[in-house]
Amino acid sequence: MSMPAAMPGYRLLVHIVRAEGLVHMNNFTGDHPHCTCEVLHFDKNVQATKVETQPVTSGDTSNPVWDEAWEIEPWYQGESLEFTIYDKGLIESSTEGKVVLQSETFFPNGFSGMISSPGLQQAMLHVEIQLVGVVGNPEVPVPSVMNYGAPTYSHPYYSAPQAPQMMYAAPHVAGHATEPQPMTVIAQQPVTYAAPPANMAPTYTTVPQPMVFMPDAAQTFTTMPQPAALPMPVTA
């Protein structure tokens, strides 16, 4: 199957971080695991696109840490990535497991996580894939932008270093420039409360109340006799 001429080729960032749960295969020379990543091109006439890590020769080879990254090209939308874990022996390398990562898994938003091999149920491979550009035309923006950092991983046998964070700037969007508008700042005025005018001042009218005298229960009253009236003189 050949690729259409109009379909762009992309550049991928492939980061093979580590594996865990690998089996022991070489009793004589010891295990020396390494991993490859190959683009499964639709066009079989295209030159192979493949990268390979260095073998881990010391430490915990059942849980190797490679932490190697490359930019590979070309990759076309729809093509899968095949990861193969080998164990390097004295004469040749033995295949320990393979896993195929479908394009919809990492296109267009990228991928970062653990994947398992069908032949090695207990083994896991940690990879990160990122779309970083278009082959031959750096001005064309990639379909999406992702900013992520690989999580720190804790293992009872080893401590894997945190992968460096990758940040990709969003593509420039052409538009019409507008002149900046002046900004007017209105200062807040203090609030003043004025006293009401004299003619609006409230008036109060006092209503006289009747006076009521209540005698004390213990008080006694004495009635004084009135003097007799004197006769009026009669004049002739």
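T49 counts as buried because its relative accessibility is 6%, where buried means under 20% relative accessible area, exposed over 50% and partly exposed in between (1.4 Å probe, protein chains only). The model is predicted: local features need pLDDT of at least 70, side-chain atom pairs count only at pLDDT 80 or more, and totals for chains, interfaces and linings use all residues. Residues are numbered from 1 along each chain as its sequence is written, and side-chain values use heavy atoms, with hydrogens and water left out.

**Surroundings of T49**
- T49 lies in the loop between β2 and β3 (50-52).
- Beyond its neighbours within four places in sequence, T49 is in contact (heavy atoms within 4.5 Å) with C37, E38, V39, H41, I72, E73 and P74.

**Chain**
- One helix and 10 strands make up the elements, in the order β-β-β-β-β-β-α-β-β-β-β from the N terminus on; helices (H or I, at least four residues) and strands (E, at least two) are DSSP runs, numbered from the N terminus.
- Of the 236 residues in the chain, 33% are buried.
- Among contacts with a separation of 6 or more, 64% join residues 24 or more positions apart.

**Largest nonpolar core**
- This core has 31 residues, of which I16, W75, L81, F83, F106 and L125 touch the most other members; a nonpolar core is a set of buried Ala, Val, Leu, Ile, Met, Phe, Trp, Tyr and Cys residues joined through side-chain atoms within 4.5 Å.
- Elements giving two or more residues to this core include β1 (10-20), β4 (65-75) and β8 (120-134).
- β8 supplies the largest share of this core, seven residues.
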